[in-house]
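Hi everyone, thanks for coming.

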Amino acid sequence: MNVWIAIIATAVGCYAVKLIGLSVPEGVLERPLVRRLAALLPVALLAALTAQQAFADGQALVLDARAAGLAAAAVALLLRAPFLLVVAAAVLVTAGVRAMTG
């Protein structure tokens, strides 16, 4: 029963946050600081999630094949490769490192 209470509370909380976001006056949303934060926040969240997935294993910091794949993707991005090539480079390097290290 506790799981359902948590699910319902989360659903109500998400709806409340969305409702609050819709009720913000338009003048507030047009401020330069708010526009800048709205543009940069998704990038920062995606970077944090990527770092957490690439370098964390539970509570420990690890450097394994995922880090090598991320480095390969970063190099491909620096070389301005198309997105599918960036993903392919990351997958191939990660798989290669895992195959070599067991």
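Let me begin with a definition: helices here are DSSP runs of H or I, at least four residues long, and they are numbered from the N terminus. With that naming, R80 lies in the loop between α4 and α5. Please keep in mind that this is a predicted model.

Let's stay with R80 for a moment. Is R80 buried or exposed? R80 is exposed, because its relative accessible area is 76%, and the cut-off for that word is over 50%. The backbone of R80 deserves a look too: its phi is near 60°, a positive value in a residue other than glycine.

Now to the two helices on either side of that loop. Two packed helices are described by the angle between their axes and the distance between the axes. Helix α4 covers residues 65-78 and helix α5 covers residues 83-101. Their axes come within 8 Å and cross at roughly 150°. Angles over 145 degrees count as roughly antiparallel, and α4 and α5 are therefore roughly antiparallel to each other. As for handedness, the crossing of α4 and α5 is right-handed.

Which residues meet there? On the α4 side we have A65, R66, A68, G69, A72, A73, A76 and L77. On the α5 side, their partners are V86, A89, A90, V93, T94, V97 and R98. By type, the residues of this contact between α4 and α5 divide into eleven nonpolar, two polar and two charged.

Let me pick out two of them, one from each helix. T94 sits in α5, and T94 counts as buried because its relative accessibility is 15%. Setting aside neighbours within four places in sequence, T94 is in contact with A65, R66 and G69.

That brings us across to R66, in helix α4. How accessible is R66? R66 has 24% relative accessibility, so R66 counts as partly exposed. Again leaving out neighbours within four places in sequence, R66 is in contact with Q53, A54, A56, D57, T94 and R98.

Notes:
Residues numbered from 1 in each chain as written. Predicted model: local features only at pLDDT ≥ 70, side-chain atom pairs only at ≥ 80, totals over all residues. Heavy atoms only, no water. Axes fitted to C-alpha atoms, helices over the stretch in contact; angles between N-to-C directions. Parallel < 35°, antiparallel > 145°, perpendicular 65-115°, else oblique. Left-handed = near helix turned anticlockwise from the far one by under 90°. Contact = heavy atoms within 4.5 Å. Nonpolar A, V, L, I, M, F, W, Y, C, P; charged D, E, K, R; others polar. Buried < 20%, exposed > 50% of the residue type's maximum accessible area, 1.4 Å probe, protein only.
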